[in-house]
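Okay, thanks for coming, everyone. I'd like to walk you through one model today, so let me put it up on the screen.

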Amino acid sequence: MNLDIALLLAQDGLTNGAIYALLALALVLVFAVTRVIFVPQGEFVAYGALTLASLQLGKVPGTAWLLVCAGIVIALIDGFIALRERKPHRLPRILLENLAFPVALAGLTWWLAPQKPALWVQVALALALVVPLGPMLYRLAFQPLQSASVLVLLIVAVAVHFALTGLGLVFFGAEGSRTPAFSDARFDVGAMSVSGQSLFVIGGSVVLIIALYLFFEKTVYGKSLRATAVNRLGARLVGISATLAGRLTFTLAAAIGAVSGILVAPITTIYYDSGFLVGLKGFVAAIIGGMVSYPLAAVGAVLVGLLESFSSFWASAFKEVIVFTLIIPVLLWRSLRTHHLEEEEDE
Amino acid sequence: MSRSRILFAAFLAALALGPAFLPEFYVTLLNYIGLYSLVALGLVLLTGVGGLTSFGQAAFVGLGAYATAYLTVAHGVSPWLTLFIGFALTGTVALLLGAITLRLSGHYLPLGTIAWGISLYYLFGNLEFLGGQTGMTGVPGLSIFGFALDTGRKYYYLVWVLVIAAVFSIQNLLNSRPGRAIRSLRGGGVMAESFGVDTAGLKIIIFVYAALLASLSGWLYAHLLRFVNPTPFSINIGIEYLFMVVIGGARFVWGAVVGAGLLAVLKEWLQGILPKIVGQAGEFETIVLGILLVLLLQRAREGLMPFFQRWFPQSRWVEAPQSAPALPQRERPRPGEQILEARAARKQFGGLVAVNDLSFEMASGEILGLIGPNGAGKSTMFNLITGVLPLSGGEIHFRGERIDRLPSRQIVRRGIARTFQHVHIRPTMSVVENVAIGAHLRGQRGVVAAALHRERAEEATLLHEARKQLERVGLVEHLYDQAGSLALGQQRILEIARALCADPVLLLLDEPAAGLRYREKEALTDLLRRLKGEGMSVLLVEHDMDFVMNLVDRLVVMDFGERIAAGLPREIQTNPMVLEAYLGGVE
């Protein structure tokens with residue numbers, strides 16, 4: 001290996017690491033606030049990338065229909081609950097949020113998609129279609145299980161992953177997609193040639209991380225999420241609704257996932273089931289951070305990215321083996337550091 | 001014969017006669033259900049009972065399948081030998097993975113299992129000598145004593161005999177001394193450890209046992225299909241195994257078979273029908289499976305087994321014999337001999353000093369009360385004596401031996417047994433089984449003897465002992481009730497019976513009278529006096545002053561972690577420092 005290749009691999013590793021860092025961030029956030037180990041995080045990456053790819057082909061992506069269907073189901077459930085509890089005044093909002101909004105978005109997509117609008121319009125549209133799936137997912141799968149144990153929530157998360165992967169196959173087919181790069185520019189920095197897309201990914205990640213930092217530090221919603229993460233009961237006592245916190249968290253997680261997908265789509269071919277492995281690499285990073293520390297998780301993410309790119313050079317067939325075996329020494333290290341008193345489990 | 005036995009006999013008969021009547025398709029399906037059941041049975045033990053979730057069982061199936069495929073194809077080894085080589089390989093891998101990951105709390109373990117599940121899958125697919133993604137063909141069939149199991153119909157009997165054997169081994173195991181310890185793992189381990197259970201060791205044992213069942217399933221799979229490739233050992237299949245257990249009902253041994261059957265049939269049916277609906281080929285059944293599972297967990301977290309159980313009235317699971325050979329008792333200390341001594345015992349949590357250089361001693365046959373306002377550090381002191389928490393400083397001696405560096409399960413061995421301020425019982429286990437956990441250290445037979453039920457004589461003595469202690473504390477009419485159905489006061493009494501089962505010479509009771517009615521308190525006072533008469537020493541934390549003053553020989557009063565007074569009940573009642581601590585001084 002010479003320096004050129006090493007630099008190229010490092011660049012690759014950093015680019016992927018930036019994506020894993022974003023996902024690790026989302027995973028830590030979701031776990032801290034809702035105790036859900038969010039295995040389907042990766043599906044949002046795939047949905048984001050493939051929705052954009054569909055739009056670029058001038059097709060209406062299947063996620064538009066998923067949005068409408070999920071909206072109908074939620075409207076039915078919430079509408080039924082509102083009527084049963086004799087609170088019909090809630091109905092207009094339920095219908096507006098879960099029926100009118102998704103239908104309007106799907107209609108917009110149906111009208112816009114064949115015209116192949118500018119790239120930024122497509123990106124905005126893809127985000128608008130995928131991000132609302134986050135809170136809807138929370139409403140359908142996790143909100144009824146708010147008080148369940150971490151393990152039950154984990155099994156639900158895995159079940160949701162199954163369902164979303166299957167739906168991805170229905171919507172996008174078995175073929176992978178790669179979107180055109182946002183920028184074809186290349187910069188020569190000394191011996192290294194840096195692709196514009198890599199800069200986009202790393203830059204995008206940094207901007208998103210800063211935005212999240214500001215959100216958590218400066219806004220009331222961000223602070224209430226942090227409060228919920230620190231002490232769920234305490235947060236409820238001061239009037240922070242666990243449901244609102246959950247929806248907000250899942251919105252953020254979906255947004256982070258979809259943006260990651262859109263950023264990474266020009267670099268790697270994304271298949272309907274690619275999200276799982278990408279998300280799990282985020283997990284490896286998050287576990288390095290003990291599922292609680294954001295900075296450690298980010299460091300872990302870069303580590304995973306670098307390990308992946310270098311091992312794909314030396315032993316490409318064993319790339320996944322190496323990355324996922326990395327978790328074992330990490331777990332060992334964690335287990336030596338943690339003095340836990342296990343949570344009591346109810347039956 | 002009870003109704004459940006008749007139903008079970010009918011089930012066995014149907015199972016045995018099935019292949020004679022069923023078309024090939026259903027025999028194949030039943031073979032697969034049997035293979036799935038073996039893996040799911042391991043998961044019931046591991047996840048449903050032990051509380052350790054694994055998504056990686058498919059990888060263990062793969063180890064068993066690849067071990068036999070490679071050795072029989074490439075080296076011509078006999079399949080009956082490779083079965084055990086597969087066990088050795090899988091057992092070693094499970095032991096290593098378990099040693100690393102089982103120490104982790106709750107959610108790290110399942111994440112870890114996903115990771116190594118993926119890792120092993122890619123390893124199978126990328127190792128040249130295992131045939132890569134295309135796999136290996138030409139795996140030989142099986143024959144038993146020259147009788148070739150060359151059709152699915154013949155193979156069926158091997159599969160289902162093994163499944164039934166696995167069901168019985170797990171049922172036997174759960175209904176035994178080590179089984180009770182396994183069933184108490186979920187409670188967090190503090191209780192189990194304080195009665196001498198090596199919880200870390202037990203976790204590894206059930207993890208390895210589940211892995212071996214998976215390996216057996218893999219071995220059967222390889223010789224049934226005569227072909228292996230990586231696909232059936234992927235993480236998705238590992239997830240499906242867990243789904244089976246959840247669908248069936250993770251707590252129920254037969255739930256594994258029910259869940260495996262339902263999932264296999266459902267998958268088969270969906271794979272037939274869904275591509276027609278969608279109009280293209282693909283694994284669409286995952287959508288329905290995923291949604292069904294979410295609904296199931298939202299609506300019926302116990303799985304479907306409770307619905308089936310209505311048809312199978314449960315016969316009583318344990319029987320505590322009226323008479324059995326008595327267990328040997330440990331030698332009692334001479335009355336008046338010093339039994340327990342705390343020397344400047346200290347516990348700090350960060351900056352908070354919970355127990356501040358507390359010293360006291362106890363003589364054998366004494367009832368010593370440890371009292372003080374809430375937050376004085378009394379329960380912390382209990383946890384220091386019993387090794388639940390490590391000391392920050394000082395020493396604790398028991399019968400002349402220093403015990404403050406020993407773990408709980410070594411301390412109980414020396415004759416100290418305790419109850420808990422917040423009761424630690426297993427609510428779904430019967431009262432007598434809960435109490436029998438206390439006698440854990442008085443039996444020796446291990447997991448293998450238990451799975452084969454070769455330890456019934458010992459088991460009878462343990463259950464008889466539990467019954468005897470329940471008679472002693474007056475709970476014998478609740479022998480077979482679910483412990484969770486008792487009133488809180490009775491649960492506390494249950495804990496005393498459990499502690500007595502450990503044959504202690506020193507009993508540590510943390511607020512035993514809380515939640516008791518007047519008559520029950522009188523009965524408890526009588527019981528403790530009788531125990532004292534038999535030479536038992538009792539250290540007692542209690543807030544009910546009438547109860548305490550009536551009962552104890554001496555008192556030690558704590559406040560803010562410090563000893564503020566000690567003496568006879570009469571002296572303590574008039575001690576100004578004590579009055580100030582309890583009632584507040586005049587400022």
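**A hairpin, its sheet and the chain contact**

Let's start with one pair: Asp559(B) has Glu562(B) as its bridge partner in strand E14 of chain B. Before going on, a bit of housekeeping. This is a predicted model, where local features need pLDDT of at least 70 and side-chain atom pairs count only at pLDDT 80 or more, while totals for chains, interfaces and linings use all residues. Residues are numbered from 1 along each chain as its sequence is written, and chains are lettered from A and ligands numbered from 1 in the order in which they are written.

Helices (H or I, at least four residues) and strands (E, at least two) are DSSP runs, numbered from the N terminus. Two strands pair if DSSP finds at least two bridges between them.

So, back to the hairpin. E13(B) and E14(B), residues 562–567, run antiparallel with 5 bridges. There are 2 residues between the strands, and Phe560(B) takes a positive phi near 45°.

Now, how many residues of E13(B) are buried? It's 5 of 6 in this strand, residues 554–559; buried here means 20 or more other C-beta atoms within 10 Å of the residue's own, with C-beta atoms placed from the backbone.

What about E7(B), residues 367–371? It pairs with E13(B) in the parallel sense, over 4 bridges, and Leu370(B) has Val556(B) as its bridge partner there. E7(B) also pairs with E12(B), residues 537–541, again parallel and over 4 bridges. In E12(B), the partner of Leu370(B) is Val541(B).

Zooming out, these strands belong to an open, mixed sheet of 6 strands in chain B, ordered E10-E11-E12-E7-E13-E14. Its edge strands are E10 (416–418) and E14, each pairing on one side only. From one strand to the next the twist averages 20°, with axes being lines fitted to C-alpha atoms, for helices over the stretch in contact, and angles running from 0 to 180 degrees between N-to-C directions.

Helix H23 of chain B, residues 576–583, lies across E13 and E14, at about 130° to E14(B).

Last bit: the two chains. 44 residues of chain A are in contact with 44 residues of chain B, contact meaning C-beta atoms, placed from the backbone, within 7 Å. On the chain A side, H7 (150–172), H12 (274–288), H14 (319–325) and H15 (327–337) each supply at least two residues. Which helix gives the most? That's H7(A), with 16 residues.

Notes:
Two residues are in contact if their C-beta atoms, placed from the backbone, lie within 7 Å. A residue is buried if 20 or more other C-beta atoms lie within 10 Å of its own, exposed if 12 or fewer, and partly exposed in between; C-beta atoms are placed from the backbone.
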